[in-house]
Structures are given as C-alpha cells and as structure tokens.
Amino acid sequence: MTNFAEDFLLTSENKAFDLDHRKVINFNIGRYDAAVERGLSKLANLENSKKKAHVIKWKVMENLDKLLLEFESNFQRKGGKVIWANDVEEAQQEILNIIQKAKAKSVIKSKSMSTEEIHLNEFLEKHNINTLESDLGEYIVQLLGQKPYHIVTPAMHLSKEDIAKVFHEKFGTDINATPEQLTLKARELLREKYSTADVGITGANFLIADSGSIALTENEGNARLTTTFPKIHIAVVGIEKLIPSLTDLDLFWPLLSTHGTGQNLTVYNTILGGPRREGETDGPEEMYVVLLDNGRTNLLAQKDQRQGLYCIRCGACLNACPVYKNVGGHTYETTYSGPIGSVITPHLQGMEDFKHLSYASSLCGKCSEVCPVKIDIHKMLLLNRRDAAKEGLNSKPEGWGWKAWKKSMLKRSRMDIISGYWKNFFLKNFFKKSWGKYREMPKIAPKSFSKQWQERTKTENKI
C-alpha cells in the first residue's frame, strides 16, 4: 500500500533542493506572472467580476441537480447522448463500450484533466487501443511517460533544452532546435493523426445548461481538430463544470484566460452542441458527454468546503503558491496539484490517504487572493485539517501531544513544571525529524518569562 504522506515528504525534500528544477520553474512562472499582470490590468472592475463569478458558481452548486438535468435534456434534444459515471471504473467502462461498439482502434485526445483523473490513457492501452495526446505540452509529457506537471501547462517543469533533447532522441531532430522548429515538427507528426483517428476525446471547460452545449478553451486548435475529424466525439466532464447560461461565458471566458495565461481571450473558443445534424458539413456522427462524479458529491455534501467545486481550473493558485513553486506538481501524486488540489483531493480520493496535502501549506493566503472565483482556499485547507482531526485520522502520538499541550496551556504552573532543558530535549529528540534536517530547532530559554518575572518581582520587593 502506498504511503502518500511519506512519499510526499521525501520527494518534497529532494525537489526543494534541486536547483535545476527551481531555475526552470521560477523562469516559467516568472513569465506567467508578467503576462497575467498585463492581462489583469486591462480588466475593468476585476473585483466585481470575481464576486459575480463566485455568486454564479454558488447558485450552480445550490441547484446542481436541476441544472444537470436541464443540460442533459437540452443536449439530448440536439442528438447528443449523456452518460452518468459515479466513479473512475464506471467512466472507463462506458468509454470502452463506446469505442468497442464502433470497433475503433485509435483515439486522439485534447488536453483534459478529467481524463487524467480517470487514468484513461493507461486503461485504453491495456485494451490495445492506441491513444495520442494532441496538446503540445501533453504530447511532450506523454513521450516522456510522465503525468502533467501543472493544470494548465503540463510541461512547465521542462526547459526548451529539455524538450529539444526529447525530440532529438525520439525523432532525430537537431539537438539545438528552436521552440518554433520543435512546434513545427510536432504539427507534422500530429496532423495526419486527426484524420485517421476513429474517436476524439476531450474534456470541457464549461457545461452550458440552457443551451445543452459544452465550451472548449484552447490556444493550439488541437481540440477543434479532435472534435471535428473523428466520427465519434466523447467529452469527459466533471459535474461541477456547469454554468447556467450561454451569456455567462461573457464573464467566465475572460476570467479564465487572463488568470490562466494572461491573454484577454484564448485563441480558440468553441461551443459544441451535439453531433452533426442534417444539412451540416462538419462535426462527428456521434457525440457523448460523460458526466463524472468521482467524489464530487462527497465534497458537495460538505457545506463549508463545497466552494472547492467552484474552481474553473485556471491554475492561478498553483503559480502563486510558495510551496508548489518549491516542490513542483509531480510531488503531490494527484491529478490536481497545488492549493486547489490540496483542497479537493482528500474529498475525491480519500481523507486518510491525502489529508497531508492540507498541511502542505504556509497559509499565506496568496491562493485565495488570486482566485478568479474567490474560493477561500486557505480557509478550506484549515477545514480539511479540522475534518481529519475529527475523523481520528491523525496519529495517536500527535493526539497525545496535543492533549498534553492543551492541559499544560490551561494552567501557567503546569507550563513551568518542565524546565527549558527538558523542552529543548523533547524538541531535539521528538520533533527534529518531522521539522526536517535542514531546519534549526528553536532554543527555549532555561526559565519561562513568567518564572523570570516572578523572580524579578520578588527581588525588587525585597529591595
């Protein structure tokens, strides 16, 4: 059985002192910060927009059952088919059924965190179905056999030299190829795959209830090709991605693009409302939307923490987080990393295995500050910690320690029973490992301030 907490601590320590990793991440996030600052400066009444987005997502979560049915009804009316998947296994099996029924052998995918969540590539490969990522960043990490490093930028941990090396080893390109040359090579490799793939699979940035449509946001055009050429299009979408109306895109598209990449609007924004109909020349013959729960209703049931479902996957909180910038995305061992991943993963994948992520935070609040839908992320992390303690998931020694601390803190004389020598002894021998070998333990004075004050007062009174 995997001990995710121990793995996290070990990998974090290694990554935090990996200077090459830090150099690449700081450079890439630095470019992001500059672009986002420019993008946000062009928005009028940003704070009001964020508040409005928060309220819309609040209304969605309060009426999720009704809006999902509204989406399903409107989408089916256009000829689309909706599949409800409770968990990873159901989603995988339903997608496999569609592919096998069509006797399909090849799949092309655009960037989708929900398909990463259900480990779709690995599952299809086990059934001899070739799956190719068409997003450039996803394609690069697929070539390396890795998972996406970042919600928005899958290959953020790689420098242009790293990518040139991968292409050189895989395709024989010049080891000193420029980013432009590498992109052209990727385009050449991928172009024919769109027209030969049997099935196209995407996620969706938004589900639009009143029009029964999905909205896709991208910069490369690969999602548009993935949904156009193959005869079958499958969209795998978390149930929380709903927005009530088509008109809400006027708010959410700019918020997503500015916080995600610093653009006023991403290059390609597509609204898809079902398969090709009579008289239309483009689009798939069949279109399916797989509505994925996979623990989302568990989070919805948590009144205090359901804010986590408001997330529009812009990645802003990851780029702002001092912990993420030091330990990196792969360290989390989850689909959704960084602050928002630390909030939602314990509810999606189990509090017992992933409670440690809610402690991997400085609680500086920067994540809440940058969130475009005003999720109170650092508060959610504290609430997760509370729930872990309430459920008795913390270790027994930790529980005993806090009980002893509480008992002593309630009475001054109890605090002073143990001298500074013994307090330093306990810190050195019982806390050094958990604090980390690179940290210096604090030195506690031999006598408490209270004791020193009492002695000083007695001395002065005698005088």
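**Helices and a parallel sheet in a predicted model**

Just after helix H8, Gly-145 adopts a positive phi of about 70 degrees. Helices (H or I, at least four residues) and strands (E, at least two) are DSSP runs, numbered from the N terminus. This is a predicted model, in which local features need pLDDT of at least 70 and side-chain atom pairs count only at pLDDT 80 or more, while totals for chains, interfaces and linings use all residues. Residues are numbered from 1 along each chain as its sequence is written, and side-chain values use heavy atoms, with hydrogens and water left out.

H8 itself covers residues 136-144, and its buried residues (under 20% relative accessible area, with a 1.4 Å probe and protein chains only) include Tyr-139, Ile-140 and Val-141. The buried residues of H8 pack against several elements, among them strand E3 (130-133) and helix H10 (179-196). At the start of H8, a side-chain oxygen of Asp-135 comes to within 3.0 Å of the backbone nitrogen of Gly-137.

Strand E3 also belongs to an open sheet of 6 strands, ordered E1-E10-E7-E4-E2-E3 with parallel pairing. Strands E1 (81-85) and E3 stand at the edges with a single partner strand each, so one side of each has no neighbour in the sheet. E1 pairs with strand E10 (residues 286-292) over 5 bridges in the parallel sense; two strands pair if DSSP finds at least two bridges between them. Within E10, Val-290 stands opposite Ile-83.

Elsewhere, the buried residues of helix H19 include Ile-377, Met-380 and Leu-381. H19 is followed by Gly-392, which has a positive phi, near 70 degrees.

Note on methods:
Buried means under 20% relative accessible area, exposed over 50%, partly exposed in between (1.4 Å probe, protein chains only). Contact means heavy atoms within 4.5 Å. A polar contact is a pair of N or O atoms within 3.5 Å; within protein, one must be able to donate a hydrogen and the other to accept it, and residues adjacent in sequence count only if both atoms are side-chain atoms.
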